[in-house]
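Colleague: Could you walk me through the side-chain contacts in this one? I'd like to take it topic by topic.

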Amino acid sequence: MKKIVAINASPRKTWNTGTLVREAAKGAESEGAEVKVIDLYELDKFTGCVSCFECKLGENKGKCVQQDGLAPVLEEIRNADGLIIGTPNYLGDASAMFKLLYERLVFQHITFKTELNSYIERAIPVFFIMTSHAAEDMYTPNGYGKMVTNYQNSLSIFIGPTRVLISGDTLHVDDYGKYEWTMFDAEAKKERRETVFPTEKQKAFDFGAAMVAAPWKD
């Protein structure tokens with residue numbers, strides 16, 4: 001049985017990011033995979049890379065040795081057949097928790113050697129999800145798209161071939177009036193949530209299923 005790790009790097013478990021991550025997990029399960037869903041904001045305290053460089057030495061090559069709340073997650077990924085990971089766009093970048101994981105996940109595999117660029121033992125397919133209050137047309141090569149491409153390229157090199165789903169113009173909250181947010185068209189946001197978001201949920205489900213049934217190779 002294939003094992004898939006699905007990570008929600010949003011503080012909200014059941015809103016935009018958490019929903020899409022869990023839909024992708026359901027897709028993987030529909031093809032018979034064992035899926036472990038992890039909410040990063042619920043883990044015990046952890047940090048980003050601390051530059052100890054132990055992952056470049058001896059039997060620890062390619063393996064982060066720091067023992068904190070993230071250590072079991074890195075081990076789960078190491079033994080997985082696929083990785084689903086979702087993050088909201090906060091202030092033009094991934095969430096803080098995502099970036100802590102990203103540092104630890106990627107840096108452990110960097111060799112700093114010209115003859116070998118990665119310590120990764122086997123590549124696994126990665127499905128990267130980003131949700132965003134900004135519309136998808138902001139994800140141009142000179143806009144948010146550059147940031148997403150950088151994450152996609154690094155994950156592809158050091159974890160495995162990576163596919164991307166962007167969900168833009170997302171609904172912030174159920175009641176915009178409560179916060180007196182006048183810069184948003186609340187009704188348009190709600191309509192998109194009802195009409196477009198379901199198609200994105202289906203896309204996430206389909207990506208999760210494909211990760212198991214026909215994992216992408218590049």
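Colleague: Are Phe-98 and Tyr-102 buried or exposed?

Modeller: Both Phe-98 and Tyr-102 are buried, where buried means under 20% relative accessible area, exposed over 50% and partly exposed in between, with a 1.4 Å probe and protein chains only. Before we go on, this is a predicted model, in which local features need pLDDT of at least 70 and side-chain atom pairs count only at pLDDT 80 or more, while totals for chains, interfaces and linings use all residues. Residues are numbered from 1 along each chain as its sequence is written, and side-chain values use heavy atoms, with hydrogens and water left out.

Colleague: How many aromatic pairs does the structure hold?

Modeller: There are 14 aromatic pairs in the structure, counting rings of Phe, Tyr and Trp (its six-membered ring) whose centres lie within 6.5 Å, with planes under 30 degrees apart taken as stacked, over 60 as edge-to-face and the rest as tilted. Phe-98 and Tyr-102 make a stacked pair, at 5.8 Å centre to centre and 20 degrees between the planes. These two residues are 4 apart in helix H3 (residues 96–107), so about one helical turn separates them; helices (H or I, at least four residues) and strands (E, at least two) are DSSP runs, numbered from the N terminus.

Colleague: Which residues are linked with them into a cluster by ring pairs?

Modeller: The cluster joins Phe-98 and Tyr-102 with Phe-128 and Tyr-151 through ring pairs.

Colleague: And why is the pair of Phe-207 and Trp-216 edge-to-face?

Modeller: That pair is edge-to-face because the planes of Phe-207 and Trp-216 are at 90 degrees, with the ring centres 5.9 Å apart. Phe-207 is partly exposed at 23% relative accessibility, whereas Trp-216 is buried at 10%.

Colleague: What about Arg-193, which rings does it lie over?

Modeller: Arg-193 lies over the face of Trp-15, at 4.8 Å from the ring centre, and over the face of Phe-197, at 4.4 Å. The criterion is that NZ of Lys or CZ of Arg is within 6 Å of the ring centre and within 35 degrees of the ring normal.

Colleague: Switching to helix H5, which residues are buried there?

Modeller: In H5 (residues 186–195), the buried residues are Ala-186, Lys-189 and Arg-192. Viewed down the axis of H5, the buried residues fall within an arc of 125 degrees, so they line one face of the helix, the arc being that of the directions from the helix axis to the C-beta atoms. Glu-187, Glu-191 and Glu-194, on the other side of H5, are exposed.

Colleague: Which salt bridges does Arg-192 make?

Modeller: Arg-192 meets Glu-136 in a salt bridge at 3.4 Å, N to O, a salt bridge being a side-chain nitrogen of Lys or Arg within 4 Å of a carboxyl oxygen of Asp or Glu. This pair links distant parts of the chain, 56 residues apart, with Arg-192 in helix H5 and Glu-136 in the loop between strand S5 (126–131) and helix H4 (144–158). Arg-192 also meets Glu-200, at 2.5 Å, N to O. Glu-200 is buried, with a relative accessible area of 3%, and salt bridges that share partners join Glu-136, Arg-192 and Glu-200 into one network.

Colleague: How many salt bridges does the structure hold?

Modeller: The structure holds 12 salt bridges, including one between Lys-26 and Glu-23, whose closest N and O atoms are 3.2 Å apart.
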